[in-house]
Amino acid sequence: MLHFYDRLEIVSENKIIVRSATHDDLQPVAKIARITWDATYHHTIAAENRHEFLERAYKIENLAPVVNAAGHWLYVAQLNSDIVGFGHFLKRYHPSKSRAELVRLYVLPQYQNLRIGKTILETGFDALARANITQCFVSVQSSNTAARRFYERHGFTFKDTHGQFLGTQIITLAEYVRPITAKDLLNASNS
Ligand SMILES: CC(C)(COP(=O)(O)OP(=O)(O)OC[C@H]1O[C@@H](n2cnc3c(N)ncnc32)[C@H](O)[C@@H]1OP(=O)(O)O)[C@@H](O)C(=O)NCCC(=O)NCCS
């Protein structure tokens, strides 16, 4: 666990860098996913379903095509030389609307509540605005109240819930949507 003063220093000195992921980041990304999934979902998703999903979704060969690919935005949050969180946005197919989805956002438990998630979101929204995307969707396990509150605080509006198979169980997901506008451009004259 980080000491209170270490956490304070990270926040006050703004030592976190959010940048596009490289192939070298994929191993740490997979490790963060394993740790954060176990901490977040141990009460709601059976261990074998979690592990089977993580094995597949975070296999390095399966993640590699996402790095610097058109229609994908994969970011890592770096503190000194350590990767402590990541976020993945992707363009969602729609015949007439320019939509994207935030498909992954994970910050290591001991680094949560330090505004790392917020910084990843803002970096992604900026990229989506530059790509003329007008809506961003996210689906979150409906029992994950902390993440739901986090998204609501960042402008997402609840749409509906739907069930999805995860291995041998069905999980209920809450879907949210958020408009992406010129106000999301970082360094834009938003004032
Ligand atoms: C959800 C998650 C990505 C958010 O990232 P994070 O870095 O913890 O988020 P932030 O620090 O930007 O914000 C978290 C909260 O702390 C608050 N906060 C952050 N820094 C703060 C500070 N210095 N002082 C007071 N409050 C602060 C924010 O207002 C926010 O509050 P809210 O939850 O009521 O909206 C992260 O907690 C996580 O990985 N959770 C587990 C996995 C998960 O649920 N992922 C989402 C899957 S869809």
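This is a predicted model: local features need pLDDT of at least 70, side-chain atom pairs count only at pLDDT 80 or more; totals for chains, interfaces and linings use all residues.

Student: Which elements give two or more residues to the shell around the ligand?

Tutor: Helix H2 (26-41), strand S4 (99-107), helix H5 (116-130), strand S5 (135-141) and helix H6 (145-153). H6 gives the largest share of that shell, with five residues.

Student: And how many residues surround the ligand?

Tutor: There are 21, and the closest are Asn113, Arg115, Gly117, Asn144 and Arg149. By type, the shell splits into ten nonpolar, seven polar and four charged residues.

Student: What about arginine 115, which atoms of it lie 2.6 Å from a ligand oxygen?

Tutor: A backbone N or O atom of arginine 115 is the one at 2.6 Å from an oxygen atom of the ligand. Lysine 118 also puts a backbone N or O atom by a ligand oxygen, at 3.0 Å. With arginine 153, the side chain supplies the N or O atom, 2.9 Å from an oxygen atom of the ligand.

Student: How much of the ligand does the protein bury?

Tutor: The ligand taken alone exposes 940 Å², and the protein buries 79% of that.

Student: Switching to the pocket itself: how much space lies in it?

Tutor: About 1,300 Å³ for the largest pocket. It has 40 lining residues, and Leu105, Tyr106, Asn144, Ala147 and Tyr151 are the closest to its centre.

Student: Which element gives the largest share of that lining?

Tutor: S4, with seven residues. At least two lining residues each also come from other elements, including helix H3 (47-57), strand S6 (157-166) and strand S7 (169-179).

Student: Last one: how do the lining residues divide by type?

Tutor: The lining of the largest pocket has 23 nonpolar, eleven polar and six charged residues.

Terms used
Residues are numbered from 1 along each chain as its sequence is written. Side-chain values use heavy atoms; hydrogens and water are left out. A residue is near a molecule or strand if one of its heavy atoms lies within 4 Å of it. A polar contact is a pair of N or O atoms within 3.5 Å; within protein, one must be able to donate a hydrogen and the other to accept it, and residues adjacent in sequence count only if both atoms are side-chain atoms. Accessible areas come from the Shrake-Rupley method with a 1.4 Å probe; for residues, only the protein chains shown count as cover. Helices (H or I, at least four residues) and strands (E, at least two) are DSSP runs, numbered from the N terminus. Ala, Val, Leu, Ile, Met, Phe, Trp, Tyr, Cys and Pro count as nonpolar, Asp, Glu, Lys and Arg as charged, and the others, Gly among them, as polar. On a 1 Å grid over the protein atoms alone, a cavity is a set of points where a 1.4 Å probe fits but cannot get out, and a pocket is an open set with protein on both sides within 12 Å along at least five of seven lines; lining residues have an atom within 4 Å of a point. Grid points are joined across faces, edges and corners, and a volume is the space filled by probe spheres set on the points.
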